[in-house]
Structure formats: structure tokens, C-alpha cells
Amino acid sequence: MRKRNILFTDPPTVSPLNTKRIIEGNNLSVACHAEPGNPNTTNFFWTKSTDSKFRVNESILRIAEIKRASSGNYTCTAENVLANGPGTHSQSMIVNVLCK
């Protein structure tokens, strides 16, 4: 009987994110956490729904001296490379920037 190795691949799973309320001028820092998939090498990036050019390639979203214009919906995506391409999972959060 011949042995066969079966390789299971799974994308990572991002933990839920909560709405953030922050006063204008303060610094925002939000960490994105994920259970690794298989393979367990996980890359993170953040995007903003209203700004197609916004992308932060790390697990922590940092915005210094936040402005009201930074309010919006941000998404953290975790990805690993599966045999058939990238495996991804995302969670979104709303950032509300309040007046001083």
C-alpha cells in the first residue's frame, strides 16, 4: 500500500474589531489579531472603504494626530499563501473622530 500525504490549507481567521471613538488630534492605534491558518505565515494589511489608495501593510493601524476626515470604515485583512493562491479573511470597524 502506498502512503499519500494530504496537505490541508486554510486561510487565517481575523478576530472581530470594535467601533473606535477618538477625539480629533489624538493618536489612533489598533492591533489586528488573527488565528493563523495553514500555512501559518500570516501577512496583514489595512484598507479604508472610501479611499482606494489607503493601505497600511502591517498588523497595527496607526494614525497620528487623527483628523475628522479620517472617520470611516477600516478593514483589516490577514492572508497566507495557499496552494491555489492567497487565503484571506477580513474584519471591519468604524472609526468615529469626535470634535475636541
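Let's start with Lys-48: setting aside neighbours within four places in sequence, this residue is in contact with Phe-54, Ala-69, Ser-70, Ser-71, Gly-72, Asn-73 and Tyr-74. Keep in mind that this is a predicted model.

**Lys-48**
- You'll find Lys-48 in strand β5, which covers residues 43-48.
- Lys-48 is buried, yet it has no salt bridge. A salt bridge needs the charged atoms within 4 Å, and the nearest side chain of opposite charge, Asp-51, is 5.9 Å away.
- What the Lys-48 side chain does reach is the backbone oxygen of Ser-71, at 3.4 Å.

**The disulfide**
- The structure has one disulfide, formed by Cys-32 and Cys-76 with their sulfur atoms 1.9 Å apart.
- That pair ties together distant parts of the chain, 44 residues apart: Cys-32 sits in the loop between β3 (28-31) and β4, and Cys-76 in strand β8.
- The link of Cys-32 and Cys-76 is left-handed, with -95 degrees about the S-S bond.
- Cys-32 counts as buried because its relative accessibility is 4%. Cys-76 counts as buried too, at 0%.

**Backbone features in loops**
- Asn-38 and Pro-39 are joined by a cis peptide bond, with omega at about 5 degrees. Pro-39 lies in the loop between β4 (34-35) and β5.
- Glu-65 isn't a glycine, but it has a positive phi of about 45 degrees. Look for Glu-65 in the loop between β7 (60-63) and β8 (72-82).
- Glu-65 has 52% relative accessibility, so it counts as exposed.

Conventions. Residues are numbered from 1 along each chain as its sequence is written. This is a predicted model: local features need pLDDT of at least 70, side-chain atom pairs count only at pLDDT 80 or more; totals for chains, interfaces and linings use all residues. Side-chain values use heavy atoms; hydrogens and water are left out. Helices (H or I, at least four residues) and strands (E, at least two) are DSSP runs, numbered from the N terminus. Buried means under 20% relative accessible area, exposed over 50%, partly exposed in between (1.4 Å probe, protein chains only). Lys and Arg count as positive and Asp and Glu as negative; His and the chain ends are not counted. A polar contact is a pair of N or O atoms within 3.5 Å; within protein, one must be able to donate a hydrogen and the other to accept it, and residues adjacent in sequence count only if both atoms are side-chain atoms. Contact means heavy atoms within 4.5 Å. A disulfide is a pair of cysteine sulfur atoms within 2.5 Å.
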